[in-house]
Amino acid sequence: MIKKNGTVYRLNTPNTTLVLQADTAQILYYGARLPAGDAFAAVAPLGRRFFSAPGTNDYTECSVIVEHADGSFASQFLFSRAKTYTEKPVLPDLPSSYGEGRSLELKYTDPVTRVSLYIQYTVFEDSDVIAVSSRVVNGSKKPVRLRRLMSLQCDLIGTEQEVVTFNGTWARERHKTSRQVGRGIFINDSKGGSSSHERNPFLLIKGKEVYGFNLVYSGNHKEVAECGESGRMRVLTGLNDYLFDWTLAPGESFYAPEAVMACAPDEDALSARMHAFVAEHIVRGKWKKRERPVLFNNWEGTYFDFNAEKIEEMARAAAALGAELFVLDDGWFGHRNDDTSSLGDWFDNVEKTGGGLAALAERVRAQGLSFGIWVEPEMISEDSELYRARPNFAMKIPGREPFRMRNQLMLNMADERVQNYVVRAVTDVLSRSGAAYVKWDYNRSMTDCFGKGIAGGEYFHRYMLGLYRVLFKLQKRFPAVLFEGCAGGGGRFDLGMLCFFPQIWTSDDTDARERIAIQEGTSYAYPQSAMGAHVSACPNHQTGNSNPMAARFNVACGGVLGYELDPCALTEGERAEIAEQIAFYKEHRRLLQFGQQYRLEGENAAGFITVARDGTAVAVVNALHYSPAEPPVTVRFKGLEPSAVYEVRLCGSERTCTATGALLMQADIPVPLPDAVQTMRENSGCLRSAMFLLKRVRA
Ligand code: DGJ
């Protein structure tokens, strides 16, 4: 709901209120919902009249920098008008949130150059989230250069805020990292062309309340938290201005990617709001709310070393265990037997696929499974027919030796001819294989950013616009196909990708012990239905650790379940255990994939509880370490109704108890875990895990 009082706009969601002073471009209040009736004069800041930009006396990091034709940088964006919309205006060429949401657009114009800045807020009441986007229109008679345009600027009261980001690297993504900024400036960003393994665009600010900010974008991003002498913390989120320089001819516009923000009393409530928003307003299409299939992927089972017989045998074994989808990973095309060749040659390796992809897909489907396929369409190997025919399709700087990662170069997706080639290539793979699922991989970052005729300062963003153009086309052409994003694991886990790919491979690290922190970090901003989570073989290929099969499954139940191993190599006991796991998962799949998930934490304990509307819940508690005579592992459940009564069953046993939601959430409940010494003896380390099934027996 949007209410106006003079130039003060009040944006209400059921639980939050954002108050904007349109003429001074100030956020007067953002926090828990306020009762009606306030005029907000009490909180109006003194002094500043302009939107923050160079040329004003606001020296805090600003959200827009325009270089005018005469070389000057000063802009005074004065309030010009406000407009409300009942429907959310479309953001051209970029992925963005959708659905019912009233919008407010504020316009500011520089009186000297007539360059205008538009800021648009959309209120998503069902999830307590506000989406913000901005655009600059060059109303002057000369070209201008846009040197920065952030999507969102939010000045929060109070400097005693903790800044939380989700950092990592390959196989160690999105580990929660907190720090106090004090009076100073903190920047979280990515510069390698993608949202990155290292620094996810999601940012939490924790003070008296918890604020969450995210960006609907998959390229270079930047988040700034700065505490100035004003006693406020300014938060900026948006496109990274690193090497950014965009020329706007007279009359042209530039749209910044959409940002989103939410505010809540604690981290759990904030995550619940972000999850609801992603599930309802970001993920779209047939798979939005549809249960996701249990898949088997051959990557860790075979790597590049397979043939059609092996794949058919694996598919048969997977089907016998209850799998629904078989995914043929890297190595089926060109002459690819390792990572040195064939990217770009999306034609069948007839020998390895036993006569072609169509035939192999049929052999998989004959086992009663759907067929899924791996592609990495944005890349090119120098040893490929594509490279030999079209070396100019590769991203390279003339006269320089290109920087190689995983032996590969990238395609220049900023070029429309390359985009069209990628659309044709992927269309062809999908059409001839009849694939129901695509794993879209991306295994390196950008280095040699160059395309003939593309200004260097525009390159990163033009690449993203090119990629999005391709994805918009494919999404339209293949509405029934389930796409899973991947970037060497979770290097592009962001809201931009989730607009096209309902799920994303969370990390290449499939060790359950490592996955706990990775999935937990990811869960702050993204729902479990977005997280691909697989059970893999032991010893684990990334770490050498061995963990109990039950623990590997329990951890994978925190996301969309899959198996990444050779099912033909399993013992009879393991086969029986996996068949039971898959049957359990299918029985509770709607709850596990679409229920409300909360993180569970404690001394030496980490896990989650996923709660369905009907009061059924599955909880997983993991203990990571063991030392003799350690205190017992306990848990406090979350998300239950305090006054309802629940029956709690320890899965894999007959052990049950009954308790009120209040007791289960307020008392330290001892967790019966497998014997530590035996776990240690049979595995490496001591990951012990318990799963509980909770049923509401009295409301
Ligand atoms: C990286 C992915 O994250 C893996 O799962 C696998 O698909 C490989 N690429 C294949 O090259």
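Predicted model: local features only at pLDDT ≥ 70, side-chain atom pairs only at ≥ 80, totals over all residues.
**Domains.** Start by colouring residues 2-282 as domain 1 and residues 598-698 as domain 2.

**Largest pocket.** Next, select Phe594, Gly595, Gln596, Val611 and Arg613, the residues nearest the centre of the largest pocket, whose lining counts 28 residues. The volume of this pocket is about 790 Å³. Now show helix H1 (267-282), helix H12 (589-594) and strand S31 (596-602), the elements that each give two or more residues to the pocket lining. H1 has the largest share, with 5 residues. With the domain colours still on, note that domain 1 and domain 2 each contribute at least three residues to the lining of this pocket. Coloured by class, the pocket lining shows 10 nonpolar, 10 polar and 8 charged residues.

**Largest cavity.** The whole structure holds 5 cavities of 30 Å³ or more. For the largest, select Ala25, Phe51, Ile119, Tyr121 and Gln153, which lie nearest its centre among 20 lining residues. Its volume is about 190 Å³. S10 gives the most to the lining of the largest cavity, 7 residues. By class, this lining has 14 nonpolar, 5 polar and 1 charged residues.

**Second largest cavity.** Move on to the second largest cavity, with a volume of about 150 Å³. Select Ile516, Gln519, Glu520, Gly607 and Phe608, the closest to its centre of the 15 residues in its lining. Helix H9, strand S31 and strand S32 (605-611) are the elements that supply two or more residues here. S31 was already on display, as one of the elements lining the largest pocket. H9 provides the largest share of the lining of the second largest cavity, 4 residues. The classes in this lining are 6 nonpolar, 6 polar and 3 charged.

**Helix pair.** Looking at the pair, the crossing of H9 past H10 is left-handed.

Terms used: Residues numbered from 1 in each chain as written. Heavy atoms only, no water. 1 Å grid on protein atoms, 1.4 Å probe; cavity = no way out; pocket = protein on both sides within 12 Å on 5 of 7 lines; lining within 4 Å. Points joined across faces, edges and corners; volume = space filled by probe spheres on them. Nonpolar A, V, L, I, M, F, W, Y, C, P; charged D, E, K, R; others polar. Domains from an automatic or database assignment. Left-handed = near helix turned anticlockwise from the far one by under 90°.
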